[in-house]
Amino acid sequence: MLSPNSTTQSLAQHARAIFREHFGNDATHVAVAPGRVNLIGEHIDYCDGFVLPFAIERMVVIAAAPNGSSEARVATAFDPEGAVFSVTEDQKIADPKWSNYLRGVVQGFRNRGIAVPGFDAFIVSSLPGGAGLSSSAALECAVATLLESLTGVKLETREKALLAQKAEHDFAGVPCGIMDQFASAFGKDGQLVLIDCRSTDVELVPFTDPSLTILVSNTKVSHELSDGGYAARRRSTEDGLAAIGKSSWRDVSPEDLESASSAMSEVTFRRSRHVVGEITRTMGAVDALKQGSFSKLGQLMYESHNSLRDDFEVSCPELDHLVATASEIGTAGGVIGARMTGGGFGGSTVTLCETAKAEAIAAALVKSYEATFGFAPEIFSSRPAEGARIIED
Ligand code: GLA
């Protein structure tokens with residue numbers, strides 16, 4: 001019940017088959033890029049913080065082939081009519097909305113002087129959209145990986161992730177940090193992706209203990225990120241840093257924040273307190289992981305959630321309910337820690353638990369959630385998975 005709903009190979013085969021049906025010829029390139037969950041370090045990737053996401057076993061797959069024209073013809077399972085646009089001109093935002101992720105990435109290649117050939121592509125996905133699992137970053141990274149293959153120009157992984165992030169900024173209007181695209185691009189089997197968002201250095205942290213499971217619980221509610229909540233939070237952190245008078249959050253101590261408290265509003269103070277606390281918690285979580293101190297990690301996850309709920313105010317009743325239920329099940333029932341993951345305002349939680357009890361925990365979460373909200377969350381487990389890549393036959 002908890003395993004991923006399809007393997008990479010089966011999804012790739014499915015994409016090839018639909019491509020053939022749709023375009024009448026065989027796909028020559030298949031690119032895949034995963035979504036992500038974040039174990040800890042939330043809303044601090046745009047504050048020079050540390051974040052600890054990993055790529056999950058849910059992904060976007062694109063089957064494609066050059067079409068000998070100067071146009072991209074792209075379609076998806078949910079919009080088979082799709083979009084057609086020129087790849088030899090500068091890109092503009094246009095309908096359908098989802099096509100802007102492709103247009104943005106094509107523009108990123110054009111900006112680097114890399115000519116993109118016309119191509120046909122069919123996109124399939126095992127990632128729920130609007131679930132806080134970075135389906136848009138996965139699409140951007142899958143397109144970038146496909147274009148590397150189609151153009152024969154391989155970018156450095158960091159550059160590819162930054163190109164994908166710029167597509168999100170310029171073509172989707174979300175001023176996101178670097179976490180999602182970095183997790184999708186740098187993900188490795190059995191490894192968490194520790195990102196230093198000031199230097200953009202990446203360190204892989206092993207997470208392979210089979211006695212531990214990570215459950216992802218999708219509330220199935222999404223209170224849209226692009227409606228301004230995300231950008232407003234980001235602006236508050238900029239206001240906070242300006243009031244403190246430092247150039248990076250990494251140089252701000254709790255004492256610096258206290259002494260600047262009268263120079264900022266009460267709300268900005270709380271937003272800032274989240275940033276300072278979350279950077280410390282994330283570093284603590286990495287130490288706890290390296291020492292195998294999982295109860296410490298679990299405690300930091302709960303503290304992170306409380307801070308996101310009370311100080312940063314990006315949680316919602318559905319997320320709070322799942323975390324509270326996990327915490328009630330507690331260590332006796334096999335739960336080590338839980339928190340909301342991703343941008344918030346809906347989306348998913350991440351629950352660290354004992355593998356032997358994971359099925360029972362998932363069942364208890366579903367039961368309690370359904371009794372409260374009248375519909376079931378979607379719960380699955382995921383191990384840290386491989387990042388964006390080309391799938392060979
Ligand atoms: C979204 C953004 C990320 C990050 C998270 C919150 O997923 O795309 O850059 O800011 O929210 O941690």
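Predicted model: local features only at pLDDT ≥ 70, side-chain atom pairs only at ≥ 80, totals over all residues.
How many nonpolar, polar and charged residues does the lining of the second largest pocket have?

1. The ligand site. The residues that surround the ligand are R36, E42, H43, D45, Y46, C176, G177, M179, D180, Y230, G342 and G343. Sorted by class, this shell holds 4 nonpolar, 4 polar and 4 charged residues.

2. In the side chain of Y230, a polar atom is placed 2.6 Å from an oxygen atom of the ligand, while an N or O atom in the side chain of R36 is 3.0 Å from a ligand oxygen. The backbone also takes part, in that a polar backbone atom of G343 lies 3.4 Å from an oxygen atom of the ligand. Of the 310 Å² of accessible area that the ligand has on its own, the protein covers 96%.

3. The largest pocket. The ligand takes up space that is the largest pocket of the model, and the volume of this pocket is about 1100 Å³. Its lining is made up of 47 residues, and those that lie nearest the centre are Y101, G130, S135, S136 and E168. Two or more lining residues are given by each of helix 2 (99-111), strand 6 (119-125), helix 3 (135-151), helix 4 (157-172), helix 5 (179-186) and strand 11 (346-354). By class, the lining of the largest pocket comprises 20 nonpolar, 20 polar and 7 charged residues.

4. The second largest pocket. Here the space amounts to about 280 Å³, and the lining consists of 19 residues, with K154, T157, K160, A185 and A388 nearest the centre of the pocket. The opening question is answered by 7 nonpolar, 6 polar and 6 charged residues in this lining. At least two residues of the lining come from each of helix 3, helix 4, helix 5, strand 8 (201-206) and strand 13 (389-390), and helix 3 supplies the largest share, with 3 residues.

5. Backbone geometry at H43. Although H43 is not a glycine, its phi is positive, at about 60°.

6. A cis peptide bond. The bond from D95 to P96 is modelled as cis, with omega near -10°. P96 belongs to the loop between strand 5 (79-86) and helix 2, and helix 2 is in turn one of the elements that give two or more residues to the lining of the largest pocket.

Definitions and conventions:
Residues numbered from 1 in each chain as written. Heavy atoms only, no water. Near = heavy atom within 4 Å. Polar contact = N/O pair within 3.5 Å; in protein donor to acceptor, adjacent residues only side chain to side chain. Areas by Shrake-Rupley, 256 points an atom, 1.4 Å probe, with all protein chains shown as cover. 1 Å grid on protein atoms, 1.4 Å probe; cavity = no way out; pocket = protein on both sides within 12 Å on 5 of 7 lines; lining within 4 Å. Sits in = over half its atoms within 2 Å of the grid points. Nonpolar A, V, L, I, M, F, W, Y, C, P; charged D, E, K, R; others polar. Points joined across faces, edges and corners; volume = space filled by probe spheres on them. Helix = DSSP H or I, 4+ residues; strand = E, 2+ residues; numbered from the N terminus.
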